[in-house]
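Please read the points below alongside the model.

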Amino acid sequence: MGENRSAPTLMENKNTVISEKLSAESISKVNGFLKSMGLFNLNFPPQYDTMDSFSELSRSFLKVQHIHRGKISCIVSVKPPIMNAYGSLHGGAVGDVAVRVATACARTIVGKDKELFLGELSISYLSSAPQNAAVIVNASIVRSGRNLTVVALDFRLKDSEKLCYISHATFYHVPVASL
């Protein structure tokens, strides 16, 4: 069947293996789907083409509103770089924001003498946050003890206060080794 392919497809490169049993039409449909999801738009600016570059990207959409002991409030602006193909905040961006804000919230209680290890993160996607929406992220300590800290987060649309996402993060405390 490979002989009916006249030109290379977007999926084909030196590392891609495509079964000879697939028709050109099937390959074209898969390529169209992947392209519509933005898979082939991989021209990142140089500053984002580094390890952990998503940190810098996601931080640019996150603004701190309030920081108190055991509580943090931030605003996330839903812009195209952190949106999915359906025009709403991408689930990965929700997860990234949840980890960052939960870590910052835990740090308001846990001293610098302990490392924080994220042991569990749960996220419930209740509703979407559309393009250009401002989403308020509120994080608060549920429990903090000698060995772990639990943080609860809620993500609400600023205008309507509609609940979009909820999250819980559990951090384990690891003593910093002395040299």
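1. Surface. Accessible areas here come from the Shrake-Rupley method with a 1.4 Å probe. On that basis the chain exposes about 11500 Å². Carbon and sulfur atoms supply 55% of this area. Keep in mind that this is a predicted model.

2. Overall make-up. The chain has 179 residues, and 31% of them count as buried. It contains 3 helices and 6 strands. Along the sequence, they follow the pattern α-α-β-β-α-β-β-β-β. Take the contacts in the chain between residues at least 6 apart in sequence: 58% of them join residues at least 24 apart.

3. The sheet. In what order do the 6 strands sit in the sheet? The order is E1-E2-E4-E5-E6-E3, in an open sheet with antiparallel pairing. Strand E1 (62-68) and strand E3 (114-125) are the edge strands. Each of these two pairs on one side only. Neighbouring strands of the sheet are turned by 20 degrees against each other on average, with direction ignored.

4. E1 pairs with strand E2 (residues 71-77) in the antiparallel sense, over 6 bridges. Ile67 stands opposite Ile72 in E2. His66 has Ser73 in E2 as its bridge partner. The hairpin has 2 residues between the strands. Gly70 takes a positive phi there, near 85 degrees.

5. Helix H3 on the sheet. Which strands does H3 lie across? Helix H3 (residues 91-107) lies across E1, E2, E3, strand E4 (134-144), strand E5 (148-157) and strand E6 (163-175). H3 runs at about 140 degrees to E3. The length of H3 can be checked. At 1.5 Å a residue, its 17 residues should span 24 Å. The end C-alpha atoms of H3 are 24 Å apart, which agrees.

6. Buried residues of H3. The buried positions in H3 are Ala93, Val94, Gly95, Asp96, Val97, Ala98, Val101, Ala102, Cys105 and Ala106. An α-helix has 3.6 residues a turn, so residues three or four places apart point the same way.

7. Cysteines. How many disulfides does the structure hold? The number is 0. Cys74 is in no disulfide, and its nearest cysteine sulfur, that of Cys105, is 9.4 Å away. Cys105 is likewise in no disulfide, with the sulfur of Cys74 as its nearest, at 9.4 Å. The cut-off for a disulfide is a pair of cysteine sulfur atoms within 2.5 Å. Are the two residues buried or exposed? Cys74 is buried, with a relative accessible area of 4%. Cys105 also counts as buried, at 0% relative accessibility.

8. Thr170. This residue lies in strand E6. Thr170 counts as buried because its relative accessibility is 12%, and the cut-off for buried is under 20%. What is Thr170 in contact with, leaving aside its neighbours within four places in sequence? The contacts of Thr170 are Phe117, Leu118, Gly119, Glu120, Leu148, Thr149 and Val150.

Notes:
Residues are numbered from 1 along each chain as its sequence is written. This is a predicted model: local features need pLDDT of at least 70, side-chain atom pairs count only at pLDDT 80 or more; totals for chains, interfaces and linings use all residues. Side-chain values use heavy atoms; hydrogens and water are left out. Buried means under 20% relative accessible area, exposed over 50%, partly exposed in between (1.4 Å probe, protein chains only). Helices (H or I, at least four residues) and strands (E, at least two) are DSSP runs, numbered from the N terminus. Contact means heavy atoms within 4.5 Å. Two strands pair if DSSP finds at least two bridges between them. Axes are lines fitted to C-alpha atoms, for helices over the stretch in contact, and angles run from 0 to 180 degrees between N-to-C directions. The expected span of a helix is 1.5 Å times one less than its number of residues.
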